[in-house]
Structure formats: structure tokens, C-alpha cells
Amino acid sequence: MNRISFCVSLAAAACIAGTAAAVTPPMPPMTSGSGDAGMKHALISLTGTTLHVHVSEPPEGPASPVEMMSGHGADYEPARFDVLEGKFFNAQHGWLADGFISLPTDRAIWIERTAATQPPGAEFRVYEAGSGMTAIPGEGMPFWTLDEIYATDGDSWQWDGVMQHDYYTGDLPGDYAMSFRVYVGDLSGAEDITYTPATATFQFHVVPEPAAWALAGLAAVGWATRRWR
Ligand SMILES: [Cu+2]
């Protein structure tokens, strides 16, 4: 998506600041807004019939909360990555098997959103991605759907056991968190209560972009002044 319509309503300086050539979206480890790069894994293991999830912290991975990077002024290709443009986003969190997990063929691990918090008025969304392990058939950025998942509490997603990083997006500065229940179910998602589920919470933070926002604000004031005089 380009930004022509946005630029028309702003002064030239802001337009130049907001224009960018189309680029490939950053891979999940490189989506830190603070520079604290790397993958932050939620390690899933099964002991007997009990699931465990361990969200890695330093030195295993970046500290919580992770900082969302800015997609403002970005032009990402392929086009399905447009959902990141003009938003803040982060994909450092990833679901990863901690050791070998063995389940009957009619059982699967499901991840269900149980709660989410975000700044007042903000939109907090998740888009399905995957892993960068192109040596595995069906893995790698070309296969990431960017479909919205975990849209509301109770929405669940079937995990295939391969490392899974998704893009979490926000649109306002502040704190974001999403909580999940990881459970064993049948292939339609109905829970098998002979297994004990586990929980995990992913935390994010967004800081505004002072320079860019100030520039856009000044340009908008100038435009409004000219129009209404
Ligand atoms: Cu990973």
C-alpha cells in the first residue's frame, strides 16, 4: 500500500518523512522497538498428561515486556503484510516445543486466548505467521497467512508442533498483554480433560515516535490554518 492519500493532506516535509520503498517485512527476531533483538520463546512441554509452558526471560531471551517496533511510513511486500503498515508490531514471542511431545494421532495441542488488555481505545490484534525454518516443508515467510487469529477471548488455534511466531500489533502508546491457555484437545478443538492445561501471558509495550509525530502534527496544523482562513 502506498501513502499518497495520507501525503496529500499533509505538508511536503511530513510526506517525505513518511515515504518508503517497498521492503520485505522484518523477521520475528528483528521486530524489537528497543533494539533488544532475538526470539522470546514460550516453551511447551508435556510430562505425563500435564502440559507446561515456560516463557523465556533473560538470558534465554529478551525481557518482558518486549517493545513493539513501528510500521509507520513502511511499505511492506508481499501485500498481505499491509496489516503491519501504520501500526506498531512485534513477533519476538514464539511457541516452541521443549523436548519431544508425543500425543495420540487423534489429539492436538490448542492455544486459546483467554484475556487481553490494551490502552483505552487501542486496537490489539494478532496475525498468523510461522517460522523461518525454510528447510522444513511448508515453513518460511511465503507460507505465512497473515490471517487474523485470537480476535476475541475464547478463540483458539491448533499448533502443529513447529516453532510459531505471530505478529502482534497495536496502534497507541502504552501497555499490551494477551493471555493464553494451552490445552490438549481432539482435532476439532474439544478439550480432552484427562490432560492438565497450562497458561502463558505475552507482554508488549509501545512508545510513541516523538520526532515523526511532532512533524506530522505541525504539518497538520499548518494545513488546517491555510484551509480555514
Ligand atoms: Cu523462535
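**Burial, core and strand pairing**

Reply: In this predicted model, 29% of the 229 residues of the protein chain count as buried. The chain has three helices and 15 strands.

Me: What average pLDDT does the protein chain have, and which stretches fall below 50?

Reply: Of the residues, 83% score at least 70. The pLDDT is below 50 over residues 1–16, a stretch with 23 contacts in the model beyond near neighbours in sequence. It is also below 50 over residues 218–229, where there are nine such contacts. The average for the chain is 88, and the stretches are 1–16 and 218–229.

Me: Which element gives the largest share of the largest nonpolar core?

Reply: This core has 37 residues, and those with the most contacts inside it are I44, L51, F89, Y167, V182 and F204. Two or more residues come from each of β2, β3, β7, β9, β10, β13, β14 and β15. The largest share is six residues, and the element that gives it is β14.

Me: Which residues does I44 touch, not counting those up to four places away in sequence?

Reply: I44 is among the residues with the most contacts inside the largest nonpolar core. In general, nonpolar side chains tend to be buried together in soluble globular proteins. The residues that I44 touches are L51, V53, W95, L96, A97, D98, I109 and V182.

Me: What share of the contacts with a separation of 6 or more is between residues 24 or more positions apart?

Reply: The count takes in contacts in the protein chain with a separation of 6 or more. Among these, residues 24 or more positions apart account for 73%.

Me: Which are the edge strands of the open sheet of five strands?

Reply: The strand order in this sheet is β4-β15-β14-β9-β12, with mixed pairing. An edge strand here pairs on one side only. The edge strands are β4 and β12.

Me: Which residue of β12 stands opposite I111?

Reply: β9 and β12 run antiparallel and are joined by four bridges. Across from I111, the residue in β12 is W157.

Me: Is T24 buried or exposed, and why?

Reply: T24 is found in the loop between β1 and β2. T24 has 10 C-beta neighbours inside 10 Å, so T24 counts as exposed.

Me: How many Å separate the C-alpha atoms of T24 and Y76?

Reply: Along the sequence, T24 and Y76 are 52 residues apart. In space, C-alpha to C-alpha, their separation is 5.6 Å.

Me: Where are the peptide bonds that are cis?

Reply: One is in the chain at P59, a residue of the loop between β3 and β4, and has omega near 5 degrees. Another involves P78, found in the loop between β6 and β7, and also has omega near 5 degrees. These bonds run from P58 to P59 and from E77 to P78.

Me: Is Y150 buried or exposed, and why?

Reply: Y150 is found in the loop between β11 and β12. Its phi is positive, about 50 degrees, although Y150 is not a glycine. The cut-off for a buried residue is 20 or more other C-beta atoms within 10 Å. Y150 has 23 such neighbours, and therefore counts as buried.

Me: What is the phi of L146?

Reply: L146 lies in the loop between β10 and β11. With 19 other C-beta atoms within 10 Å, L146 is partly exposed. L146 is a residue other than glycine, yet its phi is positive, near 60 degrees.

Me: How many Å separate the C-alpha atoms of T145 and R80?

Reply: T145 is in the loop between β10 and β11. T145 is exposed, because 11 other C-beta atoms lie within 10 Å. T145 and R80 are 65 residues apart along the chain, and their C-alpha atoms are separated by 7.7 Å.

Methods:
Residues are numbered from 1 along each chain as its sequence is written. This is a predicted model: local features need pLDDT of at least 70, side-chain atom pairs count only at pLDDT 80 or more; totals for chains, interfaces and linings use all residues. A residue is buried if 20 or more other C-beta atoms lie within 10 Å of its own, exposed if 12 or fewer, and partly exposed in between; C-beta atoms are placed from the backbone. A nonpolar core is a set of buried Ala, Val, Leu, Ile, Met, Phe, Trp, Tyr and Cys residues joined through C-beta atoms within 7 Å. Two residues are in contact if their C-beta atoms, placed from the backbone, lie within 7 Å. Two strands pair if DSSP finds at least two bridges between them. pLDDT is the predictor's confidence in each residue, from 0 to 100.
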